[in-house]
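Subject: Structure handover

Hello,

Here is the structure I promised you. Please open it beside this email and follow along.

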Amino acid sequence: MVNMGSKGGIFVRESTGLVKTAGFTDAVSINIANMSVGAALGTVGFTLASLPTVAGVNLVYASLIAFALSIPQIIVYTMLTRHIPRTGGDYVWLTRALGPRLAWLAFGLALGFVIESLVYYALISLAGVSQLVSVLPILGFNVNITPAESVAIAVVFFAAIVVVNILGTKYGIRLMTGLTLFSIISLVLSLLVLFLTPRPIVISRVESLLPSGFSYSGVASKYSGSFFSLGPTLMMLPFFAIFIYPWLNAGPAMAAEIRGRRSVELNVPTAALLTMTMATLGFAALYYSLGFKFTTAALSNSQLNGVINYWTVAMAASGNTIVQWIIAIGSVTWYLAILAYGAIIVVRYWFAMSFDRVLPSFLAYLSPRFRTPIYAHLLDLTITAALIALAGVFYGTFTALYGAVVEAIIYYMFIGIASAVMGVRMLGKALAAAGLAQAAVMAYLTYQFLAYPSIWGGNWLAYGVEIFAVALGIAIYLITRSINIKRYGIDIAITYTEIPPE
């Protein structure tokens, strides 16, 4: 691999045209938003309710185990971001490591990953509406939202964020950073409430949330099992894969737009450590304030987990209207922060693929007025809105989209393999070892997803979208390569022998 810029017209132009608009706080924030800890805390009950048994499932230990398994990936993404800081991040690493002969496979996997990301934003949009509905009654608003209304609100959430990004990258980054920082503040406030409020008071206040016929002692008595059992706890690892620990690609995907070498190098490990701390403390706070038995039984009860989640518990426990409003708003801004990061990052993948001449060049077009890839943003919005509608109309729940994440896990497995290849070729044994370890972890997670489809959203919508996306990516690459050779005399396979310019 050599860095030859756009020699011979291999790339669409000599430079991307993107400018360094993100600082260290922005880079860390976009990774934290990507890792979705607030959404995980709010939605974990829906997964617990799907498990064959919750006996011995300890979310604190599950979080720590999942983080430990992500350490090889943290090493990989930190090293490669330092050595190859380019727009598109892991797309660039994968395609250059696999090279021209496997370019069709690399591009198919990468396009599948991007489409999966859009599926995830559709999931988050719908989950954000669900979270909004769950906190409104505590604030004194009783509302009933139909599935169609839920879809409409979810589309509006994402559309508003896309419009901000079209108006200017700096506005999109500021919005994402602001939403993330406010969300973190609300989480810290909720942790203080749960850890500092005496348990009898928390229990009394949370009991008021329970539907008629349920009581704290009655719910707690339904749990029978140990405080920790390894097998059932490992069953939760795909949940953390859906929401939290593998999602380290945001900062690297916009590395060329981050100011300062240290910001480029440190954003991944900093965000990973902060996210692990927040997620683990969040689950620990529930156990501390409500007890392990009640927390597990309530979250895994489909009659209760619509009203009992981390955020509603913290709101009720506070007993203070102002604190409740801050926590409620923060519980929803976590979802909006994820969408704000998504509106920035997916466009960077569209841009990088277009810059390599595989996707149409208009996706790398920057608006002269706004200096943003306006057409890439509009494509992003169109596909995500369609996926929101499909999930809402045909399945009625965001968990129907969980299964699509398996393609991202497979993509990360290939990133591990690509990292091992680059380690052997040029970047050292440490990268090669970390890459192989990452590939092994992702292979194990893939097995868990496919072995338990009823838990992890294994349906025709989730799997069908991803199979189609990968096949479409392969077809696009082969067709585009043929067109470029015949029409322009350019073999785009050569693109994958060179590092793109900044």
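At what angle do helix H2 and helix H16 pack, and how far apart are their axes? First, some ground rules. This is a predicted model, where local features need pLDDT of at least 70 and side-chain atom pairs count only at pLDDT 80 or more, while totals for chains, interfaces and linings use all residues. Residues are numbered from 1 along each chain as its sequence is written, and side-chain values use heavy atoms, with hydrogens and water left out.

**H2 and H16**

Two packed helices are described by the angle between their axes and the distance between the axes. H2 covers residues 37-48 and H16 covers residues 321-355. They pack at about 130°, and their axes are 8 Å apart. Helices here are DSSP runs (H or I, at least four residues), numbered from the N terminus. Axes are lines fitted to C-alpha atoms over the stretch in contact, and angles run from 0 to 180 degrees between N-to-C directions. H2 and H16 are therefore oblique to each other. The classes are: under 35 degrees roughly parallel, over 145 roughly antiparallel, 65 to 115 roughly perpendicular, and the rest oblique.

The crossing of H2 and H16 is left-handed, meaning the near helix is turned anticlockwise from the far one by less than a right angle. From H2, the contact (heavy atoms within 4.5 Å) uses Val-37, Gly-38, Ala-39, Gly-42 and Thr-43. From H16 come Trp-334, Tyr-335 and Ile-338. By class, that contact has 5 nonpolar, 3 polar and no charged residues. Nonpolar covers Ala, Val, Leu, Ile, Met, Phe, Trp, Tyr, Cys and Pro; charged covers Asp, Glu, Lys and Arg; the others, Gly among them, are polar.

**H7 and H13**

H7 (residues 169-196) packs with H13 at about 30°, with axes 9 Å apart. That makes the two roughly parallel. Their crossing is left-handed. On the H7 side, the residues are Ile-184, Leu-187, Leu-191, Leu-194 and Phe-195. They meet residues of H13 including Met-278, Leu-281 and Tyr-288. This contact has 10 nonpolar, 2 polar and no charged residues.

**H14**

Is H14 largely enclosed or open? In H14 (residues 292-299), 7 of the 8 residues are buried, so the helix is largely enclosed by the rest of the structure. Buried means under 20% relative accessible area, exposed over 50%, and partly exposed in between (1.4 Å probe, protein chains only). Among the buried residues are Phe-292, Phe-294 and Leu-299. The buried residues pack against H2, H8 (199-207), H9 (216-220) and H13 (261-290).

**Salt bridges**

Side chains of opposite charge can pair when their charged atoms come close. How many salt bridges does the whole structure hold? The search finds 5 (a side-chain nitrogen of Lys or Arg within 4 Å of a carboxyl oxygen of Asp or Glu).

Asp-356 pairs with Arg-96, with the closest N and O atoms 3.0 Å apart. Asp-356 is in the loop between H16 and H17, and Arg-96 is in H4, so the pair ties together parts 260 residues apart in sequence. Asp-356 is buried at 2%, and Arg-96 is buried at 1%.

Arg-261, Arg-262 and Glu-265 form a network of salt bridges. Glu-265 reaches Arg-261 at 3.0 Å and Arg-262 at 3.1 Å. Glu-265 and Arg-261 sit 4 residues apart in H13, about one turn of the helix. Glu-265 is buried at 9%. Arg-261 is exposed at 55%, and Arg-262 is exposed at 55%.

Best wishes
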